[in-house]
Amino acid sequence: MHLPSVFCLFFLAAMFAGVSSQPLGNYCPNSTIYAPNSTYRSNLNSLLSALASNATRQNGFYNSTFGRGVSAAYGLFMCRGDVSVSDCRACVLDAGEQILKACPVQTDAVIWYDNCMLRYSKASMFGRSDASIVLIMRNTQNDSQPARFMDSVGNTLNAVAVAAAAGDGSGRKFATLKANFSAFEKIYALGQCTPDLSELDCRSCLTSGIGQLPGCCYSAKGARTVYPSCNVRYEVYPFYDNSKALGNYCPDNKIYAPNSTYRSNLNSLLSALASNATRPSGFYNSTVGGGDSAAYGLFMCRGDVSVPDCHACVIDAGEQILKACPAQTDAVIWYNNCMLRYSNASMFGRADTSFKLNLHNTQNDTQNSLQPRRFTVSLESTLYRMADIAAAGDGSGRKFAVQEANISAFEKIYTLGQCTPDLSKSDCLSCLTKGISMLGTACCYSSLGDRSVFPSCIVRYDVYPFYASTPPPPPSLILVQDGAARDHPCPLEDIMCELSLVEEEAGGCALDIDPKKEVQVTHVCHGEFGLKLLNEALKQCRGGCPKEDVAGRAWYKFMGSGGGDVGVIETSKHAKVGVVGGEL
């Protein structure tokens, strides 16, 4: 069908769920046409054949040109970033057939599906953002709190645009994000650009798509904007697949026979891992069999992943690892949400950094006012702070932490670290530290995103929120600011400022007992982070603590855990922190 340059289709999301083989729409203007037996048609046939032959590429994208001059045919396809290789190929094959039926003589044409997009033209479109044609689709159901809902949608889509434009290290410019709107409603968002666009052009294309939605789709529970160069979508149900593996490793130096005892034990092991994938800690290890035929294995889900998502990821990992590594005794597979590995030798309680999966953003922090040096310093301090917290454990059976830092008024760094919780604190810290060091070795800290993924730990940073953000628990301390606490300066770059203020002046220590459990707690440097660090230190000192903690940074004395004990720290800089012991 011929469509005008801007058009809208309205639909019920439930009606179209799972119908990925039908085209969403196409566009082919009659302004330029070709003769059936022309050289252009011959070149176009060759182009479509080449696109179909390259539809098994891992990044789901390919462009090519056939012919020269006025008879040249330029074309490309892009599959959605979460689509399997087989589904991508099937979509591209169908698109190549259907586009010729819908646009039999037009030299310029584009066709869109849920799973892919294919386009061609007599002029090159490579590396150029095209928002001249738009397909807009919306869910006819509306949210009952439109203003707040659309505000949350906008924030989520803007974050997706940043993430997609930055790239995911796999040759795609694709991102998804899930956000909590209420206790019962979530927002699922997706953004993607053709990967031949620059970061700036991709961001501009997605921003334009987001800007289209309020006019046509205000309060809608789902909508999408589809251009030839990018697309953006949101829904209140999960419409994308977040289970695609990041990679796997299975060396060929040790293999097993298909009907061996090891394979039987491995099958039992994978079944046991799947059965235990609903554990709140998101971790489980087990052994099946003994001697040379024993199968040792474990899984670990990312610390911010829900139990159902963890369970789904582990089940998929158990299936896919056998396909990727059908005869190898040692194997590991990584996903965004989980990691699963097995071996014929125990790996429990040992930090393994012998092999590594590296995914990094090829874009560097050079497109804004920040100096790479400042970016590097801030990133490094945030990564090491995160590593310390992760290695210490969070009290839930995980060794997991996320940390954020403001780089400028418009840019933040988001970091994540996690170890398998069977590691000791020192082994976990060693693993994370090695991962951090290899980020710099691989692509420089000025890169806008990178991750080091080992069998035993993972380190990642990006300039967009890639993990689930949960509201922080209420602080154990009461925070009250006074004039004295605001007098002292503190550079934002010094993340240990809160504690260094205390350690500089240790002579002002005082202990006080307040039977009414009332205490004035003043703001130390930038407040909540300082209180969080002090809380963590004091928790470790419950029941008695030497004058210096193991880090030698601060001193406290805890009289006990009865609610009336109060430790007060004062320095000549007039920063004071009071702690009600019974609340820790």
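## Strand β11

Cys-230, Val-232 and Tyr-234 point to one side of β11, while Asn-231, Arg-233 and Glu-235 point to the other, and all are buried (under 20% relative accessible area, with exposed over 50% and partly exposed in between, for a 1.4 Å probe and protein chains only). In a regular strand the side chains alternate between the two faces of the sheet. Six of the six residues of β11 (residues 230–235) are buried, so the strand is largely enclosed by the rest of the structure. Strands here are DSSP runs of E with at least two residues, and helices are runs of H or I with at least four, both numbered from the N terminus.

This is a predicted model, in which local features need pLDDT of at least 70 and side-chain atom pairs count only at pLDDT 80 or more, while totals for chains, interfaces and linings use all residues. Residues are numbered from 1 along each chain as its sequence is written, and side-chain values use heavy atoms, with hydrogens and water left out.

## Partners of β11

Strand β9 (residues 186–193) pairs with β11 in the antiparallel sense over six bridges; two strands count as paired if DSSP finds at least two bridges between them. In this pairing Tyr-188 stands opposite Glu-235.

Strand β10 (residues 223–226) also runs antiparallel to β11, joined by four bridges. β10 and β11 make a hairpin with three residues between them.

## Nonpolar cores

The largest nonpolar core has 53 residues, and those with the most contacts inside it are Phe-149, Leu-157, Leu-206, Cys-217, Tyr-234 and Trp-334. A nonpolar core is a set of buried Ala, Val, Leu, Ile, Met, Phe, Trp, Tyr and Cys residues joined through side-chain atoms within 4.5 Å. Helix α4 (residues 146–166) gives the most to this core, with 11 residues. Apart from this core lies another, of 27 residues, among them Tyr-262, Tyr-284, Cys-301 and Tyr-342.

Leaving out residues up to four places away in sequence, Leu-157 touches Ala-189, Ile-210, Leu-213, Val-232, Arg-233 and Tyr-234, where contact means heavy atoms within 4.5 Å.

## Sheet β12-β15-β16-β14-β13

Five strands form an open sheet in the order β12-β15-β16-β14-β13, with antiparallel pairing. β12 (245–249) and β13 (283–288) are at the edges with a single partner strand each, so one side of each has no neighbour in the sheet. The twist averages 10° from one strand to the next; axes are lines fitted to C-alpha atoms, for helices over the stretch in contact, and angles run from 0 to 180 degrees between N-to-C directions.

β13 pairs with β14 (residues 295–301) in the antiparallel sense over six bridges. The bridge partner of Tyr-284 is Phe-299 in β14. Helix α6 (residues 261–275) lies across β13, β14 and β16 (338–343), at about 25° to β14.

## Sheet β2-β5-β6-β4-β3

Another open sheet has five strands in the order β2-β5-β6-β4-β3, with antiparallel pairing. Its edge strands, β2 (25–27) and β3 (61–66), each pair on one side only. Neighbouring strands are turned by 10° against each other on average, direction ignored.

β5 (residues 109–112) and β6 (residues 116–121) pair in the antiparallel sense over four bridges, with Ala-109 opposite Tyr-120 in β6. Helix α2 (residues 39–53) packs on this sheet, touching β3, β4 (73–79) and β6, and its direction makes about 25° with that of β4. Helix α3 (residues 85–102) lies across β2, β4, β5 and β6 and runs at about 45° to β6.
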